[in-house]
Amino acid sequence: MNKSRKIILITTICFLTLFFVGAKLVSKTGKSFKSEINKEQTSFKDGDIIFQTSQSKQCEAVRIATNSKFSHCGIIFNENGSCYVYEAIQPVKKTLFKDWIKHGLDNKYLVVRLKDTSLLTHSSLNKMKQYGKALFNKEYDIYFEWSNDKIYCSEYVWKIYKHGANIELCNLEKLKSFNLDDYRVKAILSERYGKNIPLEEEVVAPSQLANSDKLITIFDNY
């Protein structure tokens, strides 16, 4: 065998070796990721609150206005052996946990839990779940109004706790208290409200829930 053929043969063998080793590693990594997800979700309890970084112009504006990496949140409930996230998107619904985390930036998320879990009795958790279900199919509220006609994510979580367990996770804030000076935030506000921005509207942001002193971190892969 001449020298050029030997080089071609050796190169081919090296390429095939790298290809199959790489494919095996990717497959192993995928299985490992799924295994970790399954392991994590089994440790989550009904009522745990989950946060992520969503990717859209509105979500970017929310992060900027609230000085937080979080722009979306929901509540975890386990049903028939599966873990779900109740969330206010378009429309309000429940989403399988494994699908929910894929919607966030780099599959990263934070899970928090009420410090005093004794307050989450079987009865209160059932009321929370039923209240959450009663709002299924409601439209997502792009105007962040404090009503049940339409509803946004952090409002949904706050109200589920308030109406289901009589727990206020944090104080409400007026829209004007957030950072509204950034041009990206101004663009969204102008698009939504024109010149009539409801600065006195009471709102609750994902960041307020995440920073609540009534909650503790259970999982964080940021």
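How many nonpolar, polar and charged residues are in the lining of the largest pocket? The lining has seven nonpolar, seven polar and one charged residues. Here Ala, Val, Leu, Ile, Met, Phe, Trp, Tyr, Cys and Pro count as nonpolar, Asp, Glu, Lys and Arg as charged, and the others, Gly among them, as polar.

The model is predicted, so local features need pLDDT of at least 70 and side-chain atom pairs count only at pLDDT 80 or more, while totals for chains, interfaces and linings use all residues. Residues are numbered from 1 along each chain as its sequence is written, and side-chain values use heavy atoms, with hydrogens and water left out.

The sheet comes next. Six strands make an open sheet in the order β4-β3-β2-β1-β5-β10, with antiparallel pairing. Strands β4 and β10 (215–220) are at the edges with a single partner strand each, so one side of each has no neighbour in the sheet. Strands (E, at least two residues) and helices (H or I, at least four) are DSSP runs numbered from the N terminus, and two strands pair if DSSP finds at least two bridges between them.

Within this sheet, β2 (residues 72–79) and β3 pair in the antiparallel sense over five bridges, and I76 stands opposite V85 in β3. Strands β3 and β4 form a hairpin with three residues between them.

Helix α4 (residues 122–134) lies across β2 and β3 and runs at about 120° to β2. Such angles run from 0 to 180 degrees between N-to-C directions, with axes fitted to C-alpha atoms, for helices over the stretch in contact; contact means heavy atoms within 4.5 Å.

Now back to the pocket. Its volume is about 210 Å³, and of its 15 lining residues, C59, H72, A88, I89 and Y140 lie nearest its centre. Helix α2 (57–66) and strand β3 (82–88) each supply at least two lining residues, and α2 gives the most, with three. On a 1 Å grid over the protein atoms alone, a pocket is an open set of points with protein on both sides within 12 Å along at least five of seven lines, a cavity is a set where a 1.4 Å probe fits but cannot get out, and lining residues have an atom within 4 Å of a point. Points are joined across faces, edges and corners, and a volume is the space filled by probe spheres set on them.

The largest cavity holds about 310 Å³ of space. Among its 24 lining residues, V62, A65, T66, F144 and L175 lie nearest its centre.
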